[in-house]
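Open the model in your viewer and get ready to select a few helices. We will go one stop at a time.

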Amino acid sequence: MKFFAQIVILLAALQCWPGRLCAQEAPARESVKDARNALNGRTPFPFYDSAKDDVKRMNVKAPPDAAPPAKGSTTWTRNGTTPVRGGGGRGGASGLGALLQIIGVALFTAVISAVVYFLVKAFLQGEQTQTEGTKFIDTSSDVDRVEDLPFQIKKPTGDFLSEAQRLYEAGQYSEAIVYLFSYQLVALDKRHVIRLAKGKTNRQYLRETRSREMIKQVLQRTMISFEDVFFGHHNLSRERFEECWRQLDEFHQQLERVEAAAA
């Protein structure tokens, strides 16, 4: 098929006015000849085969720019205006997820640490409170020293101070003062303020406390009430017993100072 020659003839035919026939055949042949000469001129046309006077088949290769983008490279959207990072959406979401996971682990660790801290603190405070509450309570070994006292009393089932409190709450103030005085003597002996021994009198114990005036005053008040009951056989009033009982806090504070000085 003489493709280009036919095109030239068609263009020549379109130049004729409507309703008229192009009767001159010679000019048409001349036009085809001119077109063939133009295609065979100095400037070669890669799509024209001069030997066959036909269109030549061309092998077209895709340009390098049309190659598919490598993973992670920059690509473009359909409108060709907005650069989009290859795989950027997934990578961003993955990075955000990793960050949130790290923050979550950090918060969880902080919460666990805080809970452990407060539990340990509460436990230590409970231990301290329990220790303070029983710090000056005489034990069974202290009660066993009832024979070292300068007077004879019935050994209590518990400790001296608990027995004094029990009798006080029962309204037996004369019996309660005996165990309160016994408690004070044993407590002072444990801290080496006095030394309990058979044959020693209450006045001797009182003289041993002369270097600690506050302890001496507390012990002297309890001792006088004790002697009025134990040796004078007088009934002790509630008011007098409570005067001695209210000084227990001061007595314990003085014992703490003795222990601190000895430490």
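This is a predicted model: local features need pLDDT of at least 70, side-chain atom pairs count only at pLDDT 80 or more; totals for chains, interfaces and linings use all residues.

Select residues 173–190 for α6 and residues 238–245 for α9; their axes come within 10 Å and cross at roughly 20°. Angles under 35 degrees count as roughly parallel, so α6 is roughly parallel to α9. The crossing of these two helices, α6 and α9, is left-handed.

Next, keep α6 and bring in α10, residues 248–262. The axes of α6 and α10 lie 11 Å apart, at an angle of about 10°. These two helices, α6 and α10, are therefore roughly parallel to each other as well. On the α6 side, pick L180, Y183, Q184, A187 and L188; on the α10 side, pick L248, F251, H252 and L255. The contact of α6 with α10 divides into seven nonpolar, two polar and no charged residues.

Which residues touch the most other members of the largest nonpolar core? Select L180, L185 and F241, out of 39 residues in that core. Helix α6 gives the largest share, 12 residues. Helices α5 (160–169), α7 (202–208) and α8 (213–230) are among those that each supply at least two.

Last stop: L185. Leaving aside neighbours within four places in sequence, L185 is in contact with L149, P150, F151, I194, L196, Y205 and L219.

How values were computed:
Residues are numbered from 1 along each chain as its sequence is written. Side-chain values use heavy atoms; hydrogens and water are left out. Axes are lines fitted to C-alpha atoms, for helices over the stretch in contact, and angles run from 0 to 180 degrees between N-to-C directions. Helices (H or I, at least four residues) and strands (E, at least two) are DSSP runs, numbered from the N terminus. Angles under 35 degrees count as roughly parallel, over 145 as roughly antiparallel, 65 to 115 as roughly perpendicular and the rest as oblique. A crossing is left-handed if the near helix is turned anticlockwise from the far one by less than a right angle, and right-handed if clockwise. A nonpolar core is a set of buried Ala, Val, Leu, Ile, Met, Phe, Trp, Tyr and Cys residues joined through side-chain atoms within 4.5 Å. Buried means under 20% relative accessible area, exposed over 50%, partly exposed in between (1.4 Å probe, protein chains only). Contact means heavy atoms within 4.5 Å. Ala, Val, Leu, Ile, Met, Phe, Trp, Tyr, Cys and Pro count as nonpolar, Asp, Glu, Lys and Arg as charged, and the others, Gly among them, as polar.
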